[in-house]
Amino acid sequence: MPQSWESADKSIKKNVLKSGVFIKKPTECSTCTVIVEKINVSGTSEADLREKYHTTILDGEPEKTVIIGEAGSEIDEKIERVICMMNINERSLVTIIMPLEQSDDFVVSNKSIIVKFEIVLTHCKRYKSVWEWSAEEKYKVALRYKERGTELFKSSQIIDAFRKFSKACKLLITLEPIVDLELDTQLECNINDLRLALYNNMAICQLKQKNYQHVVTLCIKVLNKDENNVKALYRRGVAHGSMGDYEKAIADLKAVLTLESSNHSAKKQFDIYNTRLQASIQRNKDMMRRMFKTY
C-alpha cells in the first residue's frame with residue numbers, strides 16, 4: 001500500500017509509520033476505535049483547537065470511538081478522511097493545515113495553523129457502502145445529520161452546521177428521481193419534507209454568513225415545491241432587502257404576513273424595507289424635479 005497520502009487541496013497529509021493489516025477501508029457510518037498521540041500544534045494552542053475549532057477527536061483521552069460521518073467540525077472531518085484511508089493496526093503521522101480563524105466573523109488571513117499527531121486504527125466495525133443503502137437507511141442517516149446540524153447551529157457553529165445540513169441533503173439527492181423508486185407513500189413524503197427542511201436550514205446558515213444570493217437560491221428550491229413556505233419567503237425577503245432590492249423584499253414579506261398576520265419579525269422587516277423603498281422613491285422624485293428645473 002502507499003506509504004503516504006495527501007488530499008487534493010493539500011490540507012491533509014498522512015505518512016505511514018507502521019503498516020497494518022489490509023482490510024476494506026472504513027466507510028460512512030463505520031464505527032472505528034483510534035488512538036491519537038503526540039499531538040503537536042503550531043499557530044495556535046491545543047485549547048483553541050477545542051474552543052475555536054471544536055475538535056473532539058484531538059481532545060481528552062488518547063483512545064476515541066469515531067463514527068464516520070458524525071464529525072461536528074472541519075478539523076474532525078479531515079481526521080475522518082484520514083481514518084477512511086487506514087488499515088487495522090496501522091500507525092501514521094498526520095499533518096493537517098487549517099486557516100487561522102481571527103474573529104467571530106470568520107475573517108481569515110493567509111496564516112495557518114498546523115496540527116501534527118500520530119494515529120492508530122485499532123478496530124473498525126465497517127458499515128456497508130452507501131450505494132448499498134436502502135432509501136429508508138439514507139433517510140434515517142440524513143435525518144440524524146440534520147438533527148446534529150441543528151445542535152451545531154444552536155451552539156453558534158454556523159459553518160459546521162451548514163456542512164452537516166449539506167451532507168444530509170447530498171445523501172437524499174442520491175435518491176433522485178424519487179418517483180422512480182416506488183417507495184411507501186409516507187417514506188417518500190418524509191424524504192421530500194426533510195429535503196425542504198434542509199434547504200431552509202442551509203438558507204438560514206447562509207443568511208447568518210451574509211451570503212444573500214445563496215439564500216435566495218436555496219429558498220427558491222423550497223418555494224418551487226411549497227410556494228407558501230413561510231420560512232423560505234421570510235428568509236428570501238430579508239436576503240433581497242439586504243441586497244437593496246426592496247420591492248422584492250416587500251413582496252416576500254407581504255406574502256408572509258398574508259399567511260401569518262401575527263408574524264412580528266416579518267412585520268418589522270416589512271416596515272424597515274418599506275420605509276427604505278419610499279425614501280428611495282422620494283429621492284428619485286426630488287432628483288427628477290431638480291433636473292426639470294435646470295432645463
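User: Before we start, what counts as a helix or a strand here?

Analyst: Both are DSSP runs numbered from the N terminus: helices are H or I with at least four residues, and strands are E with at least two. This is a predicted model, where local features need pLDDT of at least 70, side-chain atom pairs count only at pLDDT 80 or more, and totals for chains, interfaces and linings use all residues. Residues are numbered from 1 along each chain as its sequence is written, and side-chain values use heavy atoms, with hydrogens and water left out.

User: Is Val120 buried or exposed?

Analyst: Val120 lies in strand S6 (residues 108-125). Buried means under 20% relative accessible area, exposed over 50%, and partly exposed in between (1.4 Å probe, protein chains only). Because Val120 has 9% relative accessibility, the call is buried.

User: Which residues does Val120 contact, leaving aside neighbours within four places in sequence?

Analyst: Contact means heavy atoms within 4.5 Å. Val120's partners are Thr33, Val34, Ile35, Met86, Asn89, Glu90 and Arg91.

User: And Thr95, buried or exposed?

Analyst: Thr95 sits in strand S5 (residues 91-101). Not counting residues up to four places away in sequence, Thr95 touches Ser11, Ile12, Lys13, Ile114, Val115 and Lys116. Its relative accessibility is 17%, so Thr95 counts as buried.

User: Which residues of H7 meet H6?

Analyst: On the H6 side, the residues are Tyr212, Val215, Val216, Cys219, Ile220, Val222 and Leu223. Their partners in H7 are Ala232, Leu233, Arg235, Arg236, Ala239, His240 and Ser242.
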